[in-house]
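Q: Could you walk me through the charged side chains and the main pocket of this one?

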Amino acid sequence: MQVVSNVDADGPRLELGSYTLDEGAAAYLNGNRLFQWHAVVVGSTGSGKSVTTARLLDQIAALPLANAILFDIHGEYGTLQGDEFRHLRIAGPADLDQGRGLADGVLYLPYWLLGYEAMVSLFVDRTDQNAPNQAMVMSSCITASKRAFLEAGAHADILANFTVDSPVPFDIDSVLNDLVRLDTERVPGAKAGTDKAGDFNGKLSRLIARFEAKRADRRLGFLFQPHAECMKMDWLVQMAHCLVGGRTDQADGRGGIKIIDFSEVPSDILPLMVSLLARLIFNIAQWTLADRRHPVALFCDEAHLYIPEHSKRDSVDDISVGIFERIAKEGRKYGVGLVVISQRPAEVNRTVLSQCNNVIAMRLTNVDDQAVIRRLLPDSLGGFGDLLPVLDIGEALVVGDASLLPSRVRVAEPRFWPNSATVEFWTRWAQGPSNIDTASSNLCLETAERAVGCAAFPVANPVKKKLGGNCYIMAENFDAFIASAPSPSREIIAENSNYERSSFWGARQAERTPYPCS
């Protein structure tokens, strides 16, 4: 294996780890081919997918013009720190009243970024007999509201060519008012002095009800209650620059690798939100001149949640699948690469998987998942798939254009471990009391608590420290708080982080008023 490891004519080298047959020989992948032809990283839970992903990001981070985006579905990768990384998170309910924006690492995805099909999937019930009318009227009202915004802002260049799908801010209240007006409209009747129901009278009630319910849902505040900065035309330019620009393109020279935390996004709308960002990134690459494109790799963690094999027609899943299928088929031409990461490859869309010419397969015990990976292997390597259920933790079968030879590789440790370690059940059970009261309180809050770093302390300032029950006092040092807290429900890694997930109420910095004691 040393001979294979020392071959240096196979293009730019990405060191994944070492060969199982010879741990002294480094296992390299061709960095160009890995992302040009897309890749898939699969393995059962606990097999080492997250660590492998962190290792890949480590290698990318070493490049001066690195450009990658990780969709972090569970908030596992907040531990990856340094100038190479920029952490963003989708705004949660606790952020709506705090005035935090893009400069604070809080990302809103305002409703006006949604296309027509996405709007319809959110607000229109396809089983309603008035669904076609509702979709048509909603489209007309949104177009009129966008036109009014452009006219008021004197955006004549955009006004001449915009459509209902154009990312133009608009007043959602005016749209709702128009819908209510049409739903209650009375028009002159055939006889003088009489009136009758308008064309849409009573036909938009369910649409309006869904509209109002979603707007009032604070879990969807990142969508329907955006920060004031999001309602300006230049915000989209700033957001796109933050996401797609490389490290040297950023004002602070940081963040070639962007890690976007989706952990507070409700699961029913998750596919729509992830695909919204993916579509935006792909469209930017598509409309950039070929000689000015800066390639970007999209790491799709837990891909089975938003690129499913089975989806209902016109659902949020269907819209998401369509977007990622297009990226998988056409992304190579525009410098957009995909890395699909999943523990259930059998539940990931087959079209997307078929376009991934590089496979990093860790231990898989499910026969359906094994069958999917075997179909991705060349016919001459059919027996290679028999190793899938017996691989050790951290071992992977690597096959594809980026690998000189099909290999069994032991993935090297990354600089920063993701927060996805397997919980030691027996050890935890043998230790002190649990945090059921705190966990129940967090469930009622329905939001992750945050700690904000400052110059004096690596993380929290201020922090509330628990006295008893649900009573807290202010503590100046989050590290001291963590050290004094009994049996945290999940390990907290707070070093040098702008925002870190906490299982405690203590990291809330909204107000300094104490919580009631119970």
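Charges and a pocket

A: R206 is partly exposed, with a relative accessible area of 45%, where partly exposed covers the range between buried, under 20%, and exposed, over 50% (1.4 Å probe, protein chains only). This is a predicted model, in which local features need pLDDT of at least 70 and side-chain atom pairs count only at pLDDT 80 or more, while totals for chains, interfaces and linings use all residues. Residues are numbered from 1 along each chain as its sequence is written, and side-chain values use heavy atoms, with hydrogens and water left out.

Q: Which side chain does R206 meet in a salt bridge?
A: R206 meets the side chain of D125 at 2.6 Å, N to O, a salt bridge being a side-chain nitrogen of Lys or Arg within 4 Å of a carboxyl oxygen of Asp or Glu. D125 lies in the loop between helix 4 and helix 5 (131-152) and R206 in helix 8 (residues 205-216), so the pair ties together parts that are 81 residues apart in sequence. Helices here are DSSP runs of H or I with at least four residues, numbered from the N terminus.

Q: And D125, buried or exposed?
A: D125 is buried, with a relative accessible area of 17%.

Q: What does D95 pair with?
A: D95 forms a salt bridge with R89 (2.6 Å, N to O), and another with R100 (2.6 Å, N to O). D95 counts as buried because its relative accessibility is 2%, R100 is buried at 9%, and R89 is buried as well.

Q: How many salt bridges does the structure hold?
A: It holds 22 salt bridges, and E23, D392, E395, R408 and R410 are linked in a network of them.

Q: What about R55, where is the nearest side chain of opposite charge?
A: R55, which is found in helix 3 (residues 49-61), is buried yet has no salt bridge, and that nearest side chain, E15, is 4.1 Å away; Lys and Arg count as positive and Asp and Glu as negative, with His and the chain ends not counted. The side chain of R55 does reach the backbone oxygen of E15, at 3.1 Å.

Q: Switching topic, how much space lies in the largest pocket?
A: About 1,300 Å³ lies in the largest pocket. Of the 43 residues that line it, the closest to its centre are R279, L280, N283, I284 and W287. A pocket is an open set of points on a 1 Å grid over the protein atoms alone, where a 1.4 Å probe fits, with protein on both sides within 12 Å along at least five of seven lines, and lining residues have an atom within 4 Å of a point. The volume is the space filled by probe spheres set on the points, which are joined across faces, edges and corners.

Q: Which helix gives the most to that lining?
A: Helix 11 gives the most, with 11 residues.

Note on methods:
Helices (H or I, at least four residues) and strands (E, at least two) are DSSP runs, numbered from the N terminus. A polar contact is a pair of N or O atoms within 3.5 Å; within protein, one must be able to donate a hydrogen and the other to accept it, and residues adjacent in sequence count only if both atoms are side-chain atoms.
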